[in-house]
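Okay, thanks everyone, let's get going.

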Amino acid sequence: MAVAELSTSCTKNHSSQLSLSSSSSSRFSHHFRRSFRPLPTTRNPTISCSVASDQVQTPIPVQAQDLKGKSECYGVFCLTYDLQAEEETKSWKKLINIAVSGAAGMISNHLLFKIASGEVFGPNQPVALKLLGSERSIQALEGVAMELEDSLFPLLREVSIGINPYEVFQDAEWALLIGAKPRGPGMERADLLDINGQIFAEQGKALNASASPNVKVIVVGNPCNTNALICMKNAPNIPAKNFHALTMLDENRAKCQLALKAGVFYDQVSNMTIWGNHSTTQVPDFLNARIKGLPVKEVIKDHKWLEEEFTEKVQKRGGVLIKKWGRSSAASTAVSIVDAIRSLITPTPKGDWFSSGVYTNGNPYGIVEDIVFSMPCRSKGDGDYELVKDVIFDDYLLKRIKKSEAELLAEKRCVAHLTGEGIGFCDLPEDTMLPGEM
């Protein structure tokens, strides 16, 4: 497998700004936003092997007050509703703003209708959807808004679409960052880290400038752990604890495999943890997991299967699906995003926990700080979480956690120029292919 390196004589220039914003165009329909504010123009620094302080890009927060201004909504959602009066008769809660990037993609096509129907936030929770796309996807984005219009969801009170994250993220209380560039033929993992890192650095700045100060951010676009770290570092005004990398899909896959092996339904599997990176170094933890309340190793006596076949099946499930289906998972990813949100807004069942890629500072497990690492979490249902302390480790588990930790540290060094921590230097230990990167 290829190892991405930058030798002492190499340079890697990124002089072109990734197109995340544009001016309005006459070709857009009258429903679409007519005014766009251009993103601040930033030149990404040269990646080289020697540190030059004047080349380091330090995240600079943009002042939110310079960007405020109500954007136009879409179609029927531009009508004025008296929500206050309706709340009195329907006991509806205060409207919440949910921003979704990559909103014209396959994952969003499943997710948005779940949110609009009340399946995610509840049957008495009105929502406003703020949909972020690109110039290339703008017509598809309008099509999504039309379908949402035609679905007549009573709880869906506002829909706005745009290609400028500074506008789309305005007052967002949840940001679901799905959009990312897929890995193309011949593209090194280091290149993918840099290209997508630029997207998430800009989106972090936009969230910092425009979103609610306590916005909850779930990063789905791969490589999601490092993208979440980049986004977080570029949003210093938002609590670091509010950023999540999606590993719920991996947890769901692990529960499925354990249930199949044990001959039980998947709801009998609990306390499942995915440790580490959303890559083939991830660690599905069968040591702490339970089946019908019993430790997995007491129910499944084939420990060789647990250490080898089970672990590999979970790690490579996405790749197998691509071979069968011809594309990466979309519906199951959307379901896992729903599960991830619910795990934060619903109290965790007593004794259970869930997996999420979160910031490691202050963790009780000895995992290196200042990375985003999937760990076991519990929530009181208030959108926040705490790390679980009553877990056990053995040599097998610790060895594999350390491998995933080393990979994430290497990824962090590779994107240092996007987090304001130096010049990016890529020495990735191996090319761990992520499902959907190709």
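This is a predicted model: local features need pLDDT of at least 70, side-chain atom pairs count only at pLDDT 80 or more; totals for chains, interfaces and linings use all residues.

Residues are numbered from 1 along each chain as its sequence is written, and side-chain values use heavy atoms, with hydrogens and water left out.

Buried is under 20% relative accessible area, exposed is over 50%, and partly exposed is in between, with a 1.4 Å probe and protein chains only. As background, nonpolar side chains in soluble globular proteins tend to be buried together.

Let's look at isoleucine 98. Leaving out neighbours within four places in sequence, its contacts (heavy atoms within 4.5 Å) are Ile115, Phe121, Val127, Ala128, Leu129, Lys130, Trp174 and Leu176.

Of its 438 residues, 55% count as buried. And if you take contacts with a separation of 6 or more, 76% of them are between residues 24 or more positions apart. The chain exposes about 18900 Å², with carbon and sulfur atoms supplying 52% of that; the areas are Shrake-Rupley with a 1.4 Å probe, and for residues only the protein chains shown count as cover.

Now, aromatics. How many aromatic pairs does the structure hold? Nine. The rule covers rings of Phe, Tyr and Trp (its six-membered ring): centres within 6.5 Å make a pair, planes under 30 degrees apart are stacked, over 60 edge-to-face, and the rest tilted. One of them is phenylalanine 121 with tryptophan 174, edge-to-face at 5.7 Å centre to centre and 65° between the planes. That pair links distant parts of the chain, 53 residues apart: phenylalanine 121 is in the loop between α2 (106-117) and β4 (127-132), and tryptophan 174 is in strand β6 (residues 174-177). Both residues are buried, and both turned up among the contacts of isoleucine 98.

Then there's tryptophan 305 with phenylalanine 310: the centres are 5.6 Å apart and the planes sit at 35°, so this pair is tilted. Tryptophan 305 is buried at 8% relative accessibility, and phenylalanine 310 is buried at 0%.

One more ring: the charged end of lysine 241 sits over tyrosine 385, 5.0 Å from the ring centre. The test there is NZ of Lys or CZ of Arg within 6 Å of the ring centre and within 35 degrees of the ring normal.

On to the cysteines. Taking a disulfide as a pair of cysteine sulfur atoms within 2.5 Å, the count comes to one. It joins cysteine 414 to cysteine 426, S to S 1.7 Å. Why is it called right-handed? Because the torsion about the S-S bond is about 75°. Cysteine 414 is in helix α11 (residues 395-414) and cysteine 426 is in the segment after α12 (416-419), 12 residues apart. Cysteine 414 is buried at 2%, and cysteine 426 is buried at 4%. Cysteine 78, meanwhile, is partly exposed at 40%, and cysteine 256 is partly exposed at 29%.

Last stop, helix α6 (residues 224-233). Buried or exposed? It's mostly covered, with 10 of its 10 residues buried, among them Asn225, Leu229 and Lys233. Leu229 is also touched by lysine 412, which contacts Asp370, Ile371 and Glu421 too, not counting residues up to four places away in sequence. Lysine 412 lies in helix α11 and is buried at 15%.

Terms used: Helices (H or I, at least four residues) and strands (E, at least two) are DSSP runs, numbered from the N terminus.
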